[in-house]
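Below are some questions on how the terms applied to a structure follow from its computed values. Each answer sets a value against a cut-off where one is needed.

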Amino acid sequence: MKKNKTSKKYILYLATFIILFLFVNVVYAATSSKISFCDYSGVRRTFKVIGIIINLVKIIIPLILIATAMVSFFKVVTTGKPEDFKTSILQVVKQGIAGLVIFCIPGLLDFVFDSLVGYDTTGFTQCTNCLLDTDHCTIPTTDPVIYTD
């Protein structure tokens, strides 16, 4: 009985997805006006704020992970139970690896996007630059004027 309810639930989700995303009219405004999405100052400013938040998270989260691992390791060392020592070491290693991965993901994404700059025909490079490299993000002072044909 429970399996039947979950399959109906997934069918309902799939139908909702199809209705919402496949039958939507797509307007290609950027191709008709020759203005990129990232040419607007508000868009770049938003991506820069998100990039600053990502930079803070990639530093704070690994520090929290490493600090909690060290505290738990210190507790095990002070209690002196050898059976808890192995699990504590594994926890320290796992949290250290998780912190390293969280720290390295934005750099890897920046490397991937930088290697695809030559293939960018949409003008999205300015947005990724503001998202992943906030120091080199330039925000225009005026928004582009849209000329209709």
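Q: What makes the span of H4 agree with its number of residues?
A: In this predicted model, H4 has 34 residues, and at 1.5 Å a residue these should span 50 Å. The expected span is 1.5 Å times one less than the number of residues. The end C-alpha atoms of H4 are 49 Å apart, which agrees with that expectation.

Q: Where does H4 bend, and which proline follows within four residues?
A: The bend is at cysteine 104 and comes to about 35°. The angle is taken between axes fitted to the seven residues ending at a residue and the seven starting there. Proline 106 is the proline that follows.

Q: Which residues of H4 are buried, and what do they pack against?
A: Ser88, Val92, Gln95, Gly99, Pro106 and Asp110 are the buried residues of H4. To be called buried, a residue must have under 20% relative accessible area. These buried residues of H4 pack against H3 and against helix H5, residues 125-132.

Q: Why is isoleucine 89 called partly exposed?
A: Isoleucine 89 belongs to helix H4, which covers residues 82-115. Its relative accessibility is 33%. Buried means under 20% and exposed means over 50%, with partly exposed in between, so isoleucine 89 counts as partly exposed.

Q: How far is the C-alpha atom of isoleucine 89 from that of serine 72?
A: The two C-alpha atoms are separated by 9.5 Å, and the residues are 17 apart along the chain.

Q: Why does isoleucine 61 count as partly exposed?
A: Isoleucine 61 is in helix H3. The limits are under 20% for buried and over 50% for exposed; at 32% relative accessibility, isoleucine 61 therefore counts as partly exposed.

Q: What makes the nonpolar surface patch, and which helix gives the most to it?
A: The patch covers about 960 Å² and includes Val49, Ile52, Leu56, Ile61 and Phe103. Patch residues need over 30% relative accessible area and no salt bridge, and nonpolar side chains are joined within 5 Å. Helix H3, residues 41-79, gives the most, with 10 residues.

Q: What is the pattern of the protein along the sequence?
A: The pattern reads α-α-α-α-α, from 5 helices and 0 strands.

Q: How much of the protein is buried, and how much of its accessible surface belongs to carbon and sulfur atoms?
A: Buried residues are 18% of the 149 residues. The accessible surface is about 11,600 Å², and 72% of that belongs to carbon and sulfur atoms.

Notes
Residues numbered from 1 in each chain as written. Predicted model: local features only at pLDDT ≥ 70, side-chain atom pairs only at ≥ 80, totals over all residues. Heavy atoms only, no water. Helix = DSSP H or I, 4+ residues; strand = E, 2+ residues; numbered from the N terminus. Buried < 20%, exposed > 50% of the residue type's maximum accessible area, 1.4 Å probe, protein only. Areas by Shrake-Rupley, 256 points an atom, 1.4 Å probe, with all protein chains shown as cover. Patch = residues over 30% accessible without salt bridge, like charges linked within 9 Å, V, L, I, M, F, W, Y side chains within 5 Å. Salt bridge = Lys/Arg side-chain N within 4 Å of Asp/Glu carboxyl O. Contact = heavy atoms within 4.5 Å.
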